[in-house]
Amino acid sequence: MEKTNQILDISEEKTFILNPYKKSKDFTKSPFRYPGGKFYALKHIIPFLSVIPHDEYREPFLGGGSVFFAKKKAKFNWINDLESKIIEVYKGFSNEKISKKLIAIFDNEIASRDRHKEVKNLIPSNNIEDIFQTFYLNRTSYSGIINSPAWGYKEGKSSPPKNWGNFIRNVFDKLQDIKITSLDFEEIIISPPIGKTILLYLDPPYFHADQRRAYTKPFKLNDHIRLSKVLKNTNYFFCLSYDDVEEVRNLYSWANIYQRKWLYNTANKKNQKRNLGNELIITNYKVSQFENGRLFNF
Ligand SMILES: C[S@@+](CC[C@H](N)C(=O)[O-])C[C@H]1O[C@@H](n2cnc3c(N)ncnc32)[C@H](O)[C@@H]1O
């Protein structure tokens with residue numbers, strides 16, 4: 001792989017001291033409800049990213065983008081997800097004309113079981129209809145799952161269509177002047193640098209995923225192995241989140257592994273509550289943290 005001219009070099013073996021999570025000034029919320037979304041994990045993940053001063057940020061498994069929208073925007077940004085339907089929505093939301101049209105449409109929309117069925121059966125004839133369909137189904141389907149979506153909107157609990165326009169307005173600035181693609185993750189990791197210090201945040205589908213059916217693209221054992229191999233070879237800084245299982249610990253025995261617990265949305269239909277999961281944050285840089293006035297090495 002091409003050597004970079006990174007100011008901070010991963011080979012330096014420096015230990016970075018984590019600061020507690022602080023909301024960034026440009027914090028925004030994801031417009032999506034997303035299976036495997038990391039909203040409840042922000043306080044754990046963001047400190048691992050803020051500790052690396054970077055001018056280029058890449059997120060190959062963007063999904064709902066909870067982390068990208070929450071973190072401070074870097075000078076150069078590349079967001080990606082193999083799910084092209086989601087990526088088309090982001091592209092539409094980043095475009096002034098298209099986003100205005102969508103806001104006007106959602107301002108006059110309703111959420112009902114019949115309308116959900118109608119939208120599900122719609123055959124889009126243009127880009128706006130395509131984006132409309134994906135976003136409507138995401139907001140009104142069980143767990144935000146757009147892969148064979150099932151009605152999952154709860155009156156009084158789910159966010160009504162009149163709020164969706166604001167979700168679009170809120171992400172408009174963050175989506176300006178960034179690279180948005182729908183490619184396999186590997187290309188994003190191995191591409192040559194634009195900035196001087198590159199940071200990757202990666203959130204692949206879980207190894208033991210009850211969310212597997214949530215995505216249209218399968219992520220198989222071979223993909224998990226492939227990811228571990230490309231990350232072993234990268235000289236960019238990376239931070240990876242995964243479920244805490246033996247297979248993942250084995251795949252990353254060469255990296256730094258930190259244990260955390262956070263809430264996640266289950267994709268089990270009978271059990272729609274949030275569960276507390278054992279999670280891992282894996283990096284190719286070392287961190288430590290002050291606890292009760294003492295420096296704590298994990
Ligand atoms: C756990 S989700 C990401 C959730 C996201 N961090 C959030 O907060 O909403 C994993 C994502 O990986 C995407 N994906 C699956 N296989 C992929 C591949 N080969 N390359 C890139 N993205 C892929 C899925 O479409 C899914 O959106």
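This is a predicted model: local features need pLDDT of at least 70, side-chain atom pairs count only at pLDDT 80 or more; totals for chains, interfaces and linings use all residues.
Colleague: What is the handedness of the crossing of H4 and H6, and what is that of H4 and H7?
Modeller: H4 and H6 cross in a right-handed sense. For H4 and H7 the crossing is left-handed.

Colleague: Are H4 and H7 roughly parallel or roughly antiparallel?
Modeller: The axes of H4 (residues 96-107) and H7 (residues 161-172) are 7 Å apart, at an angle of about 160°. Angles over 145 degrees belong to one class. H4 is therefore, relative to H7, roughly antiparallel.

Colleague: Which residues of H7 meet H4, and how many residues of this contact are charged?
Modeller: The H4 side consists of Ser99, Leu102, Ile103, Phe106 and Asp107. These meet Pro161, Lys162, Trp164, Gly165, Ile168 and Phe172 of H7. By class, the contact of H4 with H7 has 7 nonpolar residues and 2 polar ones, and the number of charged residues is 2.

Colleague: How is H3 oriented to H6?
Modeller: H3 spans residues 84-94, and its axis comes within 9 Å of that of H6, with a crossing at roughly 115°. That angle is why H3, relative to H6, is roughly perpendicular.

Colleague: Which residues of H3 and H6 are in contact, and how many of them are polar?
Modeller: H3 supplies Lys85, Ile86, Glu88, Val89 and Gly92, while H6 supplies Asn127, Asp130, Ile131, Thr134 and Phe135. The contact of H3 with H6 has 4 nonpolar and 3 charged residues. Its count of polar residues is 3.

Colleague: Is Ser143 buried or exposed?
Modeller: Ser143 sits in the loop between H6 and H7, and its phi is positive, near 60°, in a residue other than glycine. Its C-beta atom has 21 others within 10 Å. The cut-off is 20 or more, so Ser143 is buried.

Colleague: Is Ser148 buried or exposed?
Modeller: Ser148 also has a place in the loop between H6 and H7, and it has a positive phi of about 45° without being a glycine. Most residues other than glycine have a negative phi. Ser148 has 9 C-beta neighbours inside 10 Å. A count of 12 or fewer is required, so Ser148 is exposed.

Colleague: Which residues are closest to the ligand, and how many in its shell are charged?
Modeller: The ligand is surrounded by 23 residues, and the closest are Gly36, Gly63, Gly64, Ser66 and Asp203. The shell around the ligand has 10 nonpolar and 6 polar residues. Its number of charged residues is 7.

Colleague: What percentage of the residues in the chain is buried?
Modeller: The chain contains 10 helices and 10 strands. Of the contacts with a separation of 6 or more, 74% join residues 24 or more positions apart. Among the 298 residues of the chain, the buried share is 37%.

Conventions:
Residues are numbered from 1 along each chain as its sequence is written. Axes are lines fitted to C-alpha atoms, for helices over the stretch in contact, and angles run from 0 to 180 degrees between N-to-C directions. Helices (H or I, at least four residues) and strands (E, at least two) are DSSP runs, numbered from the N terminus. Angles under 35 degrees count as roughly parallel, over 145 as roughly antiparallel, 65 to 115 as roughly perpendicular and the rest as oblique. A crossing is left-handed if the near helix is turned anticlockwise from the far one by less than a right angle, and right-handed if clockwise. Two residues are in contact if their C-beta atoms, placed from the backbone, lie within 7 Å. Ala, Val, Leu, Ile, Met, Phe, Trp, Tyr, Cys and Pro count as nonpolar, Asp, Glu, Lys and Arg as charged, and the others, Gly among them, as polar. A residue is near a molecule or strand if its C-beta atom, placed from the backbone, lies within 6 Å of it.
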